[in-house]
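Trainee: I have the coordinates open and would like to go through them with you. Could we start with helix packing and then turn to individual residues?

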Amino acid sequence: MVLEQNLSLVKKVNRLLNWGHWFSLFNILLALLVTAMFWWSEPLPQTLLGWVYLVLNWLGHTAFICFMFFILTIFPLSLIFPYQRHIRGLAAALATLGLVVLIFDAYVYSQLGYHIGSTSYDQTIDSLRQQVVTNLRNFILIVSLVGALLFALELVISNFCWKKITRLSQSGVGKPALIVFFGSFMFSHLLHIYADAKLQWDITRQDNVLPFSYPATAKSLLARYQSVYLTQRAQRQADKLSLHNPLPASNTLRCDLP
């Protein structure tokens, strides 16, 4: 009897974890629409390599954020509280909250140029207070409507993944999607290491566009083996970012009277 109960519990947990993977995949697709908003606030790349990095970073880092959200929230809840109906509803609520925060971060980034956090807390509160004071009714209406629509969509996705879990597993989509997202994450970091070593500004200027972004750099590794000196590298980077033909400091406006 105890063995049957343990087997039943293991089957429930395995089914919940399998469902969670597909639920996360659909949420990655939703999050890609939201994270695309961050690029609207920045100038687009000027080189082909910059565009390649943008696409790889967009796909890989967005998938990484959603995967970490699943690992930190839905995965432990599935192990601690393996009740199927409750977990599906709770996961939909958590995913909705995560998307709302991501949308709010995109709004703050478009207004202030940096993400929400401890360093931008005061500016974020001031920006939010201005919206509440000037457009309280519209603010409440928009937030409520967006939250309700996202929650309804998450419930539909959650139930769809649960009912079609066998068909989804047999579709052959999971492995290619994993390869695309994981490959994009790895190649974006490798490309950033190359750009950091070669001072490719069209790539390195995209460092902080997406939230929780921490791209790999080449400085520490190259400096360890004395392939590059950080002081000289910083000077070359400053020279590259400076004006090519600065105006002489001694130039002054002069008007010669006849």
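Trainee: How are H2 and H3 oriented to each other, roughly parallel or roughly antiparallel?

Mentor: Please note that this is a predicted model. H2, residues 48-80, packs against H3, residues 84-112, at an angle of about 160°. Angles over 145 degrees count as roughly antiparallel, and H2 and H3 are therefore roughly antiparallel to each other.

Trainee: How far apart are their axes?

Mentor: The axes of H2 and H3 are 10 Å apart.

Trainee: And the crossing, left-handed or right-handed?

Mentor: The crossing of H2 with H3 is right-handed.

Trainee: Which residues make the contact?

Mentor: From H2, the residues are Phe69, Thr73, Ile74, Leu77 and Ser78. They meet Ile87, Leu90, Ala91, Leu94, Ala95 and Gly98 of H3.

Trainee: How many of those are nonpolar, polar or charged?

Mentor: The contact of H2 with H3 has eight nonpolar residues and three polar ones, with no charged residues.

Trainee: Changing topic: how many salt bridges are there?

Mentor: The count comes to one salt bridge. Aspartate 202 forms a salt bridge with arginine 205.

Trainee: What is the distance there?

Mentor: The closest N and O atoms of aspartate 202 and arginine 205 are 3.5 Å apart. The cut-off for a salt bridge is within 4 Å.

Trainee: Is aspartate 202 buried or exposed?

Mentor: Aspartate 202 has a relative accessibility of 11%, so it counts as buried. Arginine 205 is also buried, with a relative accessible area of 18%. The cut-off for buried is under 20%.

Trainee: Where is threonine 204, and what does it touch?

Mentor: Threonine 204 is in helix H8, residues 201-204. Leaving aside residues up to four places away in sequence, threonine 204 touches His192, Ala195 and Asp196. Threonine 204 is buried, at a relative accessible area of 12%.

Trainee: On to the backbone: what is the phi of leucine 199?

Mentor: Leucine 199 has a positive phi of about 55°, although it is not a glycine. Leucine 199 lies in the loop between helix H7, 174-198, and H8. Its relative accessibility is 8%, so leucine 199 counts as buried.

Trainee: What about the phi of phenylalanine 212?

Mentor: Phenylalanine 212, not a glycine either, has a positive phi of about 60°.

Trainee: Where does phenylalanine 212 lie, and is it buried or exposed?

Mentor: Phenylalanine 212 lies in the loop between H8 and helix H9, 219-224. With 71% relative accessibility, phenylalanine 212 counts as exposed, whereas leucine 199 counts as buried.

How values were computed
Residues numbered from 1 in each chain as written. Predicted model: local features only at pLDDT ≥ 70, side-chain atom pairs only at ≥ 80, totals over all residues. Heavy atoms only, no water. Axes fitted to C-alpha atoms, helices over the stretch in contact; angles between N-to-C directions. Helix = DSSP H or I, 4+ residues; strand = E, 2+ residues; numbered from the N terminus. Parallel < 35°, antiparallel > 145°, perpendicular 65-115°, else oblique. Left-handed = near helix turned anticlockwise from the far one by under 90°. Contact = heavy atoms within 4.5 Å. Nonpolar A, V, L, I, M, F, W, Y, C, P; charged D, E, K, R; others polar. Salt bridge = Lys/Arg side-chain N within 4 Å of Asp/Glu carboxyl O. Buried < 20%, exposed > 50% of the residue type's maximum accessible area, 1.4 Å probe, protein only.
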